[in-house]
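The sequence and the model are shown first, and the description follows.

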Amino acid sequence: MYSKDGENYFIVDAHVALWDARPENQINIHGKQFIDCFYDYHRNLSPESEKWSYEEYLYYGGERLMKDLFTDGYVDHAIFQPARLGAFYRNGFGQTEEAFALTQRHPGKLTYNHYWDPRFEQAGLDQLRRDAERFQLKGAKLYTAEWHGDSRGYKLDDPWSYRYLEAAQEMGIRNIHIHKGPTIRPLDRDAFDVADVDKVATQFPDLNFVVEHCGLPRLEDFCWIATQEPNVHAGLAVAIPFIHTRPRYFAQIIGELLYWLDENRIQFSSDYALWTPKWLVESFVDFQIPEDMRGEYPPITVAQKKKILGLNAAAMYGIEVPAEYTVAQPAGV
Amino acid sequence: MSAGPLARETGKALERRARKALDAVHDPELDEPITDLGFVRSLEVHSGRRLTVHLRLPTSFCSPNFAYLMASDAKDALAALPGVEAVTVLLDDHHDSEMINRGLAADADYRGTFGAEAEESLDELRLIFRRKAHAAAMERVLTSLLRQDPARTVERLHEVVIGDLPGGTATHALLRRREALGLGVAPSDPVLVDEHGRRFPPDEVPLRLRFARSVRISMDGNAHFCRGLLRTRYPESAADQSPRAVDPTGPACVTTPLKEHVS
């Protein structure tokens, strides 16, 4: 919970991770390259006071996570969105057992979403059914650029992917978080293109598709499909730290999202531990569209901020919100 | 190679010509020269006529298809220079460095470089990004017009023709993007057009400008990420970077580059 100027904000951090990128867990050079890339994002966009050492960044563990999110970071509820990266890390990048155990130790605070990869075909589908039961899954995180044998990516509209989404729909795994990455087969195409999200969003109207990074680096393609598909949502991971380094640029991103989508389909996320939620929540509550840009974008209201910071994701995941945090026009999914 | 005046060219002079040639190589995603972005790590002249160029990118995980496009375009641009005998282009510190560098050394082309992961060519990818670059350039000039003349409504952008645009970098940039798509550049040609040069119906104009704006914002955002991450990854690259020439959002182009260097 965060309070400022007499307003109370219920905070849901819709994208957090508990990763292990230490050298002993790296399989090859790509394991190091991947975490180095994350660390550069962290260093480049965090305020000086919020920067971690490289050692801390490789692995931080559950206690540190609880402190950064819930003690210091104002978060009321956080959702794990793990990436497996099985070609880079021995025991995976996202730490399933540790994260799930943490979820069980802190009832009501954490939701564990798991991942799947349609290239495991029937065996993966069987595994998904077991995972759904064990973790009581409400959502999943799909990283389409995951490397798998000779393949370095898949599309959501591949035939096996459809079968996994059908199974998810049937089992009530309704919230599908999509993370686009740089590799996909064939390399002739733009890997970041979100046309496949468009197709599955039409095909599976009962599922919610949360596109992480609000489609960046293809904000425009994302906005275009989101106007047509009411079950497509924007996750603010990666875009929101611009609020510190480039507030005028962040104004344009949030202005575009509010124009093309609406205030009910945008979710706050810190992408922890890429960034920590404390400064992001504080900055977002203080944020306003600069005066000279009001010709293009109207000011952001307190009610819109409340929805983005927590009420939207709470509605999507059925997280109970105490009455003092709600707004007149409820957030809806 | 022919002798003549080039025979006595110094290594420095060839280096200058080579750098100028690399100015014409663009990052298709960002629509900016790889030189201004700081992607050229080093350029060396050996024995007066052999060039070795190292390229660096903001992350190891930049898209391999775009990385290959820039590296192979750089090699083509340098190989076309008179007086150059051999060109080596090396992409450093990328997850596909080995594969791409092997392909470049063997002049193996796109399919030869990526094997089964390549289907036909990168032509369509290039075209998609030329179209995006055009949309962004179009939005930059039209948003400037709106900002300069508050009496002009968005709907009236339908009437704007190339002859109405002020001279300057933004207009020149738009004309170059139009030429790249084979669109007309006559003074009477309409400005707000689709990728085939067709005018939109007047009632669609506000939406089309909005969409072009989202393209421009996406492209600008990617350029912010790429410049910033490159400096974080290679601090010495800051000295090689120059900002994009035009930014219609006004004060942003004055204040943010300074800020950027602090972060």
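## Helix 8 of chain A and its surroundings

The buried residues of helix 8 of chain A pack against helix 7 (195-203), strand 8 (208-211), strand 9 (232-235) and helix 10 of chain A, and also against helix 8 (205-233) of chain B. The model is predicted: local features need pLDDT of at least 70, side-chain atom pairs count only at pLDDT 80 or more, and totals for chains, interfaces and linings use all residues. Residues are numbered from 1 along each chain as its sequence is written, while chains are lettered from A and ligands numbered from 1 in the order in which they are written.

Helices (H or I, at least four residues) and strands (E, at least two) are DSSP runs, numbered from the N terminus. A residue is buried if 20 or more other C-beta atoms lie within 10 Å of its own, exposed if 12 or fewer, and partly exposed in between, with C-beta atoms placed from the backbone. Helix 8 of chain A is mostly covered, since seven of its 10 residues are buried. Among them are A:Leu219, A:Phe222 and A:Ile225.

## The contact between the chains

Two residues are in contact if their C-beta atoms, placed from the backbone, lie within 7 Å. On this basis, 36 residues of chain A are in contact with 41 residues of chain B. Helix 1 (29-45), helix 8 (219-228) and helix 10 (247-260) of chain A are the elements that give two or more residues to the side of chain A that touches chain B. Helix 1 of chain A supplies the largest share, nine residues. By class, this side of chain A has 15 nonpolar, six polar and 15 charged residues; Ala, Val, Leu, Ile, Met, Phe, Trp, Tyr, Cys and Pro count as nonpolar, Asp, Glu, Lys and Arg as charged, and the others, Gly among them, as polar.

## The build of chain B

Chain B contains nine helices and five strands, in the order α-β-β-α-β-β-α-β-α-α-α-α-α-α from the N terminus on. Of its 263 residues, 41% are buried.

Two strands pair if DSSP finds at least two bridges between them. Strand 3 (residues 40-46) and strand 4 (residues 50-55) of chain B run antiparallel and are joined by six bridges. B:Leu43 stands opposite B:Val53 in strand 4 of chain B. The two strands form a hairpin with three residues between them.

Domain bounds come from an automatic or database domain assignment, which gives domain 1 (4-117) and domain 2 (124-262) in chain B. In chain B, 12 residues of domain 1 are in contact with 19 residues of domain 2.

## Backbone exceptions

Most residues other than glycine have a negative phi, and most peptide bonds are trans.

| Site | Feature | Value |
|---|---|---|
| A:Val238 | positive phi | about 75° |
| B:Ser47 | positive phi | about 45° |
| A:Arg185 and A:Pro186 | cis peptide bond | omega about -10° |
| A:Tyr272 to A:Ala273 | cis peptide bond | omega near 5° |

A:Val238 lies in the loop between strand 9 and helix 9 (242-245) of chain A. A:Val238 counts as buried, with 22 C-beta neighbours inside 10 Å. B:Ser47, in the loop between strand 3 and strand 4 of chain B, is exposed, with 8 other C-beta atoms within 10 Å. A:Pro186 is placed in the loop between strand 7 (175-179) and helix 7 of chain A.
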